[in-house]
Amino acid sequence: MNSERFKGKSFLITGGAGGLGSQIARTVASQGGSVGILDTNEVAITELVSELKAGGVKSAGQVVDVRDSKSVTRAVDELAKVLGSVDVLIAAAGGSLGTPRDLAEISDDDFDLVLDVNVKGTFNSVRAVIPHMKKVGGGSIVTFSSIGGRSASPVTGVPYATAKAAILGLTRRLAKEVGEFNIRVNAIAPGLFLTDRLEGMFSEMSATDQAEVINGIPLGRMPELQECVNPVLFLASDESSYITGTVLDVNGGRLMPN
Ligand SMILES: NC(=O)c1ccc[n+]([C@@H]2O[C@H](COP(=O)([O-])OP(=O)(O)OC[C@H]3O[C@@H](n4cnc5c(N)ncnc54)[C@H](O)[C@@H]3O)[C@@H](O)[C@H]2O)c1
């Protein structure tokens, strides 16, 4: 591992206190970067930021709901001040957020919640970091789509599919607009990664259902969380310096789009 890979780089991570976000934060920290966490989960932010600081990493957190554009801008500006710059945004806040999968059970509020957090939240976050990235001559933004936004996944419902597909449009259009400022924008589209939250759901499935999930994956196994973190950090880093406006599918071959 290269402990200097992200030396001098400041990462902001929305949803940074969550399963994938916190693993990204720890990896960035172990590779020399500074980390700003934006999340609604105050307890988890405090624990993570204390852990990172105890390891000698420059880090800070802001409790913020990504749906609220003014709060997002304020939080981003505050973190930029503390960390000194914003070089990378990982926009991971999102998910199906406990809403039902089946159409008959989805309320108007469920649809709004999923669209607002995933799509509007991503928009609010990218808009807030662009001025800071321009200031340092460029940057990299990684948005979070999903296999559920790339195909008709049986696991998640219509609102999630709608939101995660919209994020791909946002990613491409934004990449076109900010390329001239040396800002790259790419999406990651993970398959099923068993964070603490999803581990319970998977382990409660019958052995037959678990086998069905795994049999649909050409690589024949469930992934480690780090197997999503590493591709995210590839898109974040200069190793992908000529890649923008794309989506990277990370699903063990379960979906192979043209
Ligand atoms: N884990 C997977 O299998 C998987 C697969 C495909 C895509 N994704 C996407 O990856 C991203 C991260 O997922 P995860 O599995 O780590 O989920 P998670 O639930 O563990 O983390 C999500 C984080 O977002 C935060 N959050 C929720 N609403 C928010 C809001 N309004 N404002 C700010 N923060 C908010 C939560 O507090 C939580 O810490 C999500 O966008 C999800 O849709 C995950």
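A crossing of two helices is termed left-handed if the near helix is turned anticlockwise from the far one by less than a right angle, and right-handed if clockwise. By this criterion, the crossing of α3 and α4 is right-handed. The structure is a predicted model, in which local features need pLDDT of at least 70 and side-chain atom pairs count only at pLDDT 80 or more, whereas totals for chains, interfaces and linings use all residues. Residues are numbered from 1 along each chain as its sequence is written. Helices (H or I, at least four residues) and strands (E, at least two) are DSSP runs, numbered from the N terminus.

Helix α3 (residues 69–83) packs against α4 at an angle of about 35°, and the two axes are 9 Å apart. Here axes are lines fitted to C-alpha atoms, for helices over the stretch in contact, and angles run from 0 to 180 degrees between N-to-C directions. On the α3 side the contact is made by S69, V72, T73, V76 and A80, and on the α4 side by N124, S125, A128, V129 and H132; two residues are in contact if their C-beta atoms, placed from the backbone, lie within 7 Å. By class, this contact has five nonpolar, five polar and no charged residues. In this classification Ala, Val, Leu, Ile, Met, Phe, Trp, Tyr, Cys and Pro count as nonpolar, Asp, Glu, Lys and Arg as charged, and the others, Gly among them, as polar.

The largest nonpolar core has 65 residues, and I90, V129 and V232 have the most contacts inside it. Helix α4 (residues 108–135) gives the largest share of this core, eight residues. Such a core is a set of buried Ala, Val, Leu, Ile, Met, Phe, Trp, Tyr and Cys residues joined through C-beta atoms within 7 Å. A residue is buried if 20 or more other C-beta atoms lie within 10 Å of its own, exposed if 12 or fewer, and partly exposed in between, with C-beta atoms placed from the backbone. Apart from neighbours within four places in sequence, V129 is in contact with L12, V76, V86, L89 and I141.

Helix α4 also holds N118, which counts as buried because 31 C-beta neighbours lie inside 10 Å. Neighbours within four places in sequence aside, N118 is in contact with G94, A163, K164 and I167. N118 and A92 are 26 residues apart in sequence, with a C-alpha to C-alpha distance of 8.5 Å.

Around the ligand there are 27 residues, of which G15, G18, G19, L20 and G94 come nearest; a residue is near a molecule if its C-beta atom, placed from the backbone, lies within 6 Å of it. Two or more residues of this shell are given by each of α1 (19–30), α4 and α7 (196–203). The largest share, three residues, comes from α1. The shell divides into eleven nonpolar, twelve polar and four charged residues.

In helix α6 lies A161, which counts as buried, with 20 C-beta neighbours inside 10 Å. Residues up to four places away not counted, A161 touches G148, G149, A152 and T156.

Positive phi values in residues other than glycine include that of L97, near 55°, and that of N182, near 65°. L97 lies in the loop between β4 (88–91) and α4, and N182 in the loop between α6 (158–178) and β6 (183–190). L97 counts as partly exposed, with 15 C-beta neighbours inside 10 Å. N182 is likewise partly exposed, with 15 such neighbours.
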